[in-house]
Amino acid sequence: MLVLSRKVGESIVIAGGITVTVLEVRGEQVRVGVEAPRSVTVHRKEVHDELVAANQAAAQRGRVNVAELPRPR
Amino acid sequence: MMLVDSDALGTIEVPDDRLLVLPDGLLGLEDARQFALIPADDMGVYSFLQSVDRPELTFLTIVPAFFFEAYEPEIADEDVAALDLRSPDDAQVLCLVTIDDQLVTANLLGPVVVNTRTGTGRQVVLHDQGWSTKEQLGMN
């Protein structure tokens with residue numbers, strides 16, 4: 001892993017098109033700003049990991065009996 | 001019209017207006033980009049989202065409004081731009097369903113939003129809107 005030290009207001013540039021800026025440091029919390037092209041999705045890692053797991057869990061195994069599924073109230 | 005092979009559903013004729021392109025795929029499944037949306041009931045509640053390229057990849061989806069009246073996803077500007085959404089009327093929201101024994105849940109944190117005008121879709125993330133990946137559908 002590449003490790004860089006940055007101060008508040010300083011940035012790093014990734015692949016020429018993505019800029020990550022340290023906006024604020026308060027105790028254990030760091031606020032980070034990301035500027036990226038619209039085609040680049042940016043998510044908190046724990047949210048990303050949760051969605052990957054959710055998608056894998058949602059991929060169907062076997063057939064579904066639709067008649068047995070919950071109906072709207 | 002396109003013939004789509006599905007391990008779960010067999011071979012299905014899908015009209016062109018039910019073919020979707022997800023240019024970024026689904027999170028963790030970025031290689032599957034072409035899907036067919038196949039009605040699973042005649043009320044429009046459940047649909048199958050079938051990968052066109054991977055017959056083994058089938059999802060069950062719901063139109064969330066049928067189950068979650070309070071669900072009003074706010075789509076981020078970058079997602080609106082990526083989908084080229086010009087009117088809320090063009091957006092169709094689908095949530096992936098997971099069946100785990102008797103427990104049936106829907107992913108309301110990361111819905112798939114489709115631009116019905118263009119047939120392009122994208123899985124978006126509703127940050128800080130209070131929804132999880134495992135919202136339970138009505139009780140069985």
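Me: What makes the backbone oxygen of B:Pro23 and the side chain of B:Arg33 a polar contact?

Reply: In this predicted model, the backbone oxygen of B:Pro23 lies 3.0 Å from a polar atom of the B:Arg33 side chain. A polar contact calls for a pair of N or O atoms within 3.5 Å. The distance of 3.0 Å falls within that cut-off, so the pair counts as a polar contact.

Me: Where do these two residues sit in chain B?

Reply: B:Arg33 lies in the loop between strand 3 (19-21) and strand 4 (34-39) of chain B. B:Pro23 is found in the loop between strand 3 and strand 4 too.

Me: Why is B:Arg33 called partly exposed?

Reply: Its relative accessible area is 41%. Buried would need a value under 20%, and exposed a value over 50%. B:Arg33, at 41%, is in between, and therefore it is called partly exposed. For B:Pro23 the relative accessibility is 41%, so this residue counts as partly exposed as well.

Me: How do you know which residues B:Arg33 touches, beyond its neighbours within four places in sequence?

Reply: The test for contact is heavy atoms within 4.5 Å. With those neighbours set aside, B:Arg33 is in contact with B:Leu20, B:Val21, B:Leu22, B:Pro23, B:Gly25 and B:Asp53. Take B:Asp53 from that list: it is 20 residues from B:Arg33 in sequence, while the C-alpha atoms are 8.2 Å apart in space. B:Pro23 has contacts of this kind with B:Arg33, B:Thr120 and B:Gly121. B:Gly121 is 98 residues from B:Pro23 along the chain, yet their C-alpha atoms are separated by 7.4 Å.

Me: Now to another residue. Why is B:Ser6 called buried?

Reply: B:Ser6 has a relative accessibility of 7%. That is under 20%, so B:Ser6 is buried. You will find it in strand 1 (residues 2-6) of chain B. Leaving out residues up to four places away in sequence, B:Ser6 touches B:Gln50, B:Pro55 and B:Thr58.

Me: Are B:Asp84 and B:Asp101 buried, partly exposed or exposed, and how do you know?

Reply: B:Asp84 is at 34%, so it counts as partly exposed. B:Asp101 reaches 70%, which is over 50%, and therefore it is called exposed.

Me: What surrounds the largest pocket?

Reply: The pocket holds about 890 Å³ of space. Of its 28 lining residues, the closest to the centre are A:Val34, A:Val42, A:His43, A:Arg44 and B:His127. Strand 3 of chain A gives the largest share of the lining, 5 residues.

Me: What lines the second largest pocket?

Reply: Its lining has 19 residues, and B:Asp101 is one of those nearest the centre. The volume is about 330 Å³. Strand 7 of chain B gives the most to this lining, with 3 residues.

Me: How do you know how much area chains A and B bury between them?

Reply: Buried area is the accessible area that the two parts lose on being put together, summed over both. For these chains it comes to about 2800 Å², with 59% of it on carbon and sulfur atoms. A:Asn55, A:Gln60 and A:Pro70 supply 22% of what chain A buries against chain B, more than any other three residues. Across the interface, 27 residues of chain A are in contact with 39 residues of chain B.

Conventions. Residues numbered from 1 in each chain as written. Chains lettered and ligands numbered in written order. Predicted model: local features only at pLDDT ≥ 70, side-chain atom pairs only at ≥ 80, totals over all residues. Heavy atoms only, no water. 1 Å grid on protein atoms, 1.4 Å probe; cavity = no way out; pocket = protein on both sides within 12 Å on 5 of 7 lines; lining within 4 Å. Points joined across faces, edges and corners; volume = space filled by probe spheres on them. Helix = DSSP H or I, 4+ residues; strand = E, 2+ residues; numbered from the N terminus. Buried < 20%, exposed > 50% of the residue type's maximum accessible area, 1.4 Å probe, protein only. Polar contact = N/O pair within 3.5 Å; in protein donor to acceptor, adjacent residues only side chain to side chain. Buried area = accessible area lost by both parts, 1.4 Å probe.
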